Amino acid sequence: MGLSSALSMALSGLNANQRGLQLAATNVANADTPGYTAKTQAQSVRVGDGRVIGLDAGVIQRSLDQAVQSQLRTEAGTAAYSDRVSSYQSRVDELLGTPGSNNSLDTLFNNFTSALEGLATTPESFLTRAEVLSNGRVLASQLNGISDDVQSMRQENEDFLRFGVNEINTALQNIKRVNDQILSESHSATGTADLQDQRDIYIDELSHYMDVRVTEDEQGGVRIATNGGAVLFDRVPANLSFDARGTITPQTEYSTNSDDRGVGTINMTSVSGLQVDLLQPGLLRDGALAAARDLRDDVLVEVQAQLDQLAGAMATALGTRPETGTAVTSGAAAGYDLDLSGLQPGNSFSLSFTSNSNGQTQTVSFIRVDDSSKLPLEDGVTGRSDDRVVGLDYSAGAAPITTQIQSALGVSFSVFDQGGDVIRVLDDGASNAVTVNSFDASVSTTSLTDDGVALPFFIDVGGKAFSNSLDDIPQVKGFAGRISVNENLIEDNSRLVVYETSPDTLDGDSTRPEFLFEALTQAVGSYTAQGGIGTTSAPFTGTVSSFVSQIISVRGAAAQDAQRTADSQRSVVEVLENRFAESTEVSIDEEMARLVELQTAYAANARVMQVVQEMLNTVLQI
């Protein structure tokens, strides 16, 4: 080996050692830098003409476990989802209060029913009547406040979705900028490890907001998509925009139909130019954005529905009078006359009959509907599982309803208009195919007196009685935020006792107070599955009092489940973070040992160059 070859080999060794020293120093300096991964650099021999002629330093590589990194991003998105959901579930649980505490919903409800029970004992007491009204107002006010807070929480998540759009667009632009640099430097001698670290930081930010799946191509570029298939980045980023729709209310809900949608959504213009509603089901499955969507459009909507059902149940229980049909016969046919005067939109009347061929009893529930666009109705609107629901179109008045009833019941029945809002239904007489068992109605009272013992204690805005109308926007939607005590009762609390004026009910008559108390604590009703308590086939059935307890129980269980899920998910993320850190962290001890090794090699190569120089000087002196 000639002197020039020895000199070249030593020089290549010095260059490789110098790069190694620089890399070790960089590792040590960035040991605590967030997102920095330990770097390594392989060395290889340079071969020429079949023999070693020097040393080459390879491309700088990152030290990390890509499988753990991918799993960590997935679990981090799930953790962001569960943390946000848990936070809001806990807030809802706090709004309802700890059962039995002074301001909890169940305590305020029990205070109200206790006051009614006291009124049944001393109906003549002005102070007891005032206490009933006071406790009723506190209860209504509490429902108003909880409803407002629920809508505020929905608004918070709406605002978070808007904020998230800006953060995601910024992250995608940063990913593009760094990705372009990586692609342009993919064949450089030093590699793109530091740029990849930067890109990973922005991808990790993205994974907080949504579930992402990252794939890398041969040139080192990445493609990013959600697990639902929405492509966010493929050399160029998708663009997200937020389509706001104004203030959140109980009446504003999400719909995939933009004409029906009352809340904001995220429109994504994909890398191919296609516009997609990113909040539609299936595209986002995890991450903070998915949590905000689910809270705004599902969880908190369900909470509002439960509150609305409770408010509606209280108003209905106190303000609905039963109307029982009168048995009649006509020849061999038998049936009932039913007076439907006073029937309000949303009120119902039911026909029970037995099919004599098989002995089965069936019930058909008819509901007054003044908005024909709402027809036909679904069976679940009554909250019963044992009836068939028929919506009656009252938009043209009451006169045509006999035809509609006849059409719904079929040829085994005969339906007649007896005048004065009285409807007669008869069976088929001698044919004996069916037997009519009962024909009854539930009518909302609008007056404090002379309309039975029920009264419109709780009312809607403008003094409107609650009738559970299904017209336009269903009256029950958002009712918890509007419910109030009838001002006419506050002006004259004697009406809590006096229900007849000709002659006047005696001040000491307990009939109405007993009815009011029993309506809330003993009368059993069914609740629709809209609030997530019970199902359409197995609805929750119970008293209003038991429904209050059920709401508190369901919300408490939801908060506990969400907290357990969040805690468990944080533990998973912590384990993965530790595993990932083990694969990426800089070991100071190893780097120090490497520095000593490189220092020794550097000195050896320098000594070779010194010897070669001395030999060259000797040759030149000959």
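Which residues line the largest cavity?

## The largest cavity

This is a predicted model. Rolling a probe the size of a water molecule over the atoms shows where empty space is left. The structure holds one cavity of 30 Å³ or more. The space in the largest cavity comes to about 50 Å³.

Its lining is made of Ala315, Gly319, Ser444, Thr445, Leu455, Pro456, Phe457, Phe458, Ala465 and Phe466. By class, seven of the lining residues are nonpolar and three are polar. No charged residue takes part in the lining of the largest cavity.

## The second largest pocket

The second largest pocket holds about 510 Å³ of space. Its lining has 21 residues. Nearest the centre lie Pro34, Gly35, Tyr36, Phe580 and Thr584.

Three helices each supply at least two lining residues: α2 (66–96), α5 (193–209) and α10 (544–584). Which helix gives the most to this lining? The answer is α10, with five residues.

## Helix α6 against helix α10

Helix α10 also packs against helix α6, which spans residues 288–319. Their axes are 10 Å apart, and the angle is about 170°. Angles over 145 degrees count as roughly antiparallel, so α6 is roughly antiparallel to α10.

Which residues of α6 meet α10? They are Val299, Glu302, Val303, Gln306, Gln309, Leu310, Ala313, Met314 and Ala317. On the α10 side, the partners are Val544, Phe547, Val548, Ile551, Val554 and Arg555. The contact of α6 with α10 counts eleven nonpolar residues, two polar ones and two charged ones.

## Helix α3 against helix α9

Helix α3 covers residues 105–121, and helix α9 covers residues 511–521. Their axes come within 8 Å. They cross at roughly 150°. That angle makes α3 roughly antiparallel to α9. Is the crossing left-handed or right-handed? α3 passes α9 in a left-handed crossing.

From α3, the contact uses Phe109, Phe112, Thr113, Leu116, Glu117, Leu119 and Ala120. From α9, it uses Pro513, Glu514, Leu516, Phe517, Leu520 and Thr521. Sorted by class, the contact of α3 with α9 has nine nonpolar, two polar and two charged residues.

Technical notes:
Residues are numbered from 1 along each chain as its sequence is written. This is a predicted model: local features need pLDDT of at least 70, side-chain atom pairs count only at pLDDT 80 or more; totals for chains, interfaces and linings use all residues. Side-chain values use heavy atoms; hydrogens and water are left out. On a 1 Å grid over the protein atoms alone, a cavity is a set of points where a 1.4 Å probe fits but cannot get out, and a pocket is an open set with protein on both sides within 12 Å along at least five of seven lines; lining residues have an atom within 4 Å of a point. Grid points are joined across faces, edges and corners, and a volume is the space filled by probe spheres set on the points. Helices (H or I, at least four residues) and strands (E, at least two) are DSSP runs, numbered from the N terminus. Axes are lines fitted to C-alpha atoms, for helices over the stretch in contact, and angles run from 0 to 180 degrees between N-to-C directions. Angles under 35 degrees count as roughly parallel, over 145 as roughly antiparallel, 65 to 115 as roughly perpendicular and the rest as oblique. A crossing is left-handed if the near helix is turned anticlockwise from the far one by less than a right angle, and right-handed if clockwise. Contact means heavy atoms within 4.5 Å. Ala, Val, Leu, Ile, Met, Phe, Trp, Tyr, Cys and Pro count as nonpolar, Asp, Glu, Lys and Arg as charged, and the others, Gly among them, as polar.
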